[in-house]
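I opened this entry to keep track of what I looked up.

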Amino acid sequence: MSNEQLDPVLVSVAAYNADPIAYERHYQSHLLDRPTRFASLLPPNAEILDLGCGPGRDLRLFTDAGHSPIGVELNASFVAMASRHGHVIEADIRGIEDLFSPQTFDGVWAQASLVHLSRKETEQLLRDAKSLLRPQGLFYACVPAVGETGWVDETDGRRWYTVWPDDHFEEAVSAAGFEIDDVNRGTYIEVWARKGAR
Ligand SMILES: C[S@@+](CC[C@H](N)C(=O)[O-])C[C@H]1O[C@@H](n2cnc3c(N)ncnc32)[C@H](O)[C@@H]1O
């Protein structure tokens, strides 16, 4: 079966198996100011959902900042690695609404983890994230903003990327019912947002 007939998310997640240790090493200090800022904006001992937590760097940072994070990750190698740093569930974030009750979290963190989902899957996930947050809960996500949506052959494997040009991602976050706090635009677009009072 060609990659085109397979679920792009599953193919992309499997590509991280090529060298998960190298991934961890490569990203250990990449854009650390983002999770640090996220941790600082939350109340003490906040419950944080780390979507697609990878090897768990941010789980450790959130725990060290006095919070209670939980990771959800589909790649089994990353689940094992991230479990050194906190509680991790091996699951697909596309089914996140079945894993937790509404209004469970103070923060939902999605650092480069929606990148392999289709536009439609991401739009559903944004609605689910809003429902899982408590009132005034904090949301962060970054997704590619430059290039073409589709398969990319990388040195360690093939991955699907959905690209969100112009204001498309910001608009999707708003359409899910969030209030946008801040947007950083670069090769990735980063959106900081809040759930309102309800
Ligand atoms: C680019 S990595 C980012 C990892 C981590 N958040 C970080 O910042 O280093 C994308 C991560 O999301 C995970 N992922 C992608 N789609 C997923 C899905 N549908 N369910 C669970 N995890 C997923 C991948 O396995 C991978 O660990």
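I started with helix α3, residues 33-40, and found Pro35, Phe38 and Ala39 buried. I count a residue as buried if 20 or more other C-beta atoms lie within 10 Å of its own, exposed if 12 or fewer, and partly exposed in between, with C-beta atoms placed from the backbone. The face turned away from the buried side carries the exposed Asp33, Arg37 and Ser40. I then looked up the cover over the buried residues of α3: it includes α4 (57-64), β4 (105-111) and β5 (133-144). Contact here means C-beta atoms, placed from the backbone, within 7 Å.

A note on the source. This is a predicted model, where local features need pLDDT of at least 70 and side-chain atom pairs count only at pLDDT 80 or more, while totals for chains, interfaces and linings use all residues. Residues are numbered from 1 along each chain as its sequence is written.

Next, the sheet. I found 7 strands in an open, mixed sheet, ordered β3-β2-β1-β4-β5-β9-β8. Its edge strands are β3 and β8 (179-185), each pairing on one side only. Neighbouring strands are turned by 15 degrees against each other on average, direction ignored. Strands pair if DSSP finds at least two bridges between them. Helices (H or I, at least four residues) and strands (E, at least two) are DSSP runs, numbered from the N terminus.

I followed the parallel pairs. β1 (residues 47-51) and β2 (residues 68-73) share 5 bridges. Leu49 has Ile70 of β2 as its bridge partner. The chain goes from β1 through α4 to β2 in a right-handed β-α-β crossover. Right-handed means that, with the strands pointing away from the viewer, the path from the first strand over the helix to the second runs clockwise. β2 also runs parallel to β3 (residues 87-90), with 4 bridges. Glu73 stands opposite Glu90 of β3. The crossover from β2 through α5 (residues 76-82) to β3 is right-handed.

Last, the whole chain. I noted 7 helices and 9 strands. Buried residues make up 41% of the 198. The radius of gyration is 16 Å, which agrees with the value near 16 Å for a compact globule of 198 residues. I took that radius over C-alpha atoms; the globule rule is 2.2 Å times the number of residues to the power 0.38.

Notes: Contact = placed C-beta atoms within 7 Å. Axes fitted to C-alpha atoms, helices over the stretch in contact; angles between N-to-C directions.
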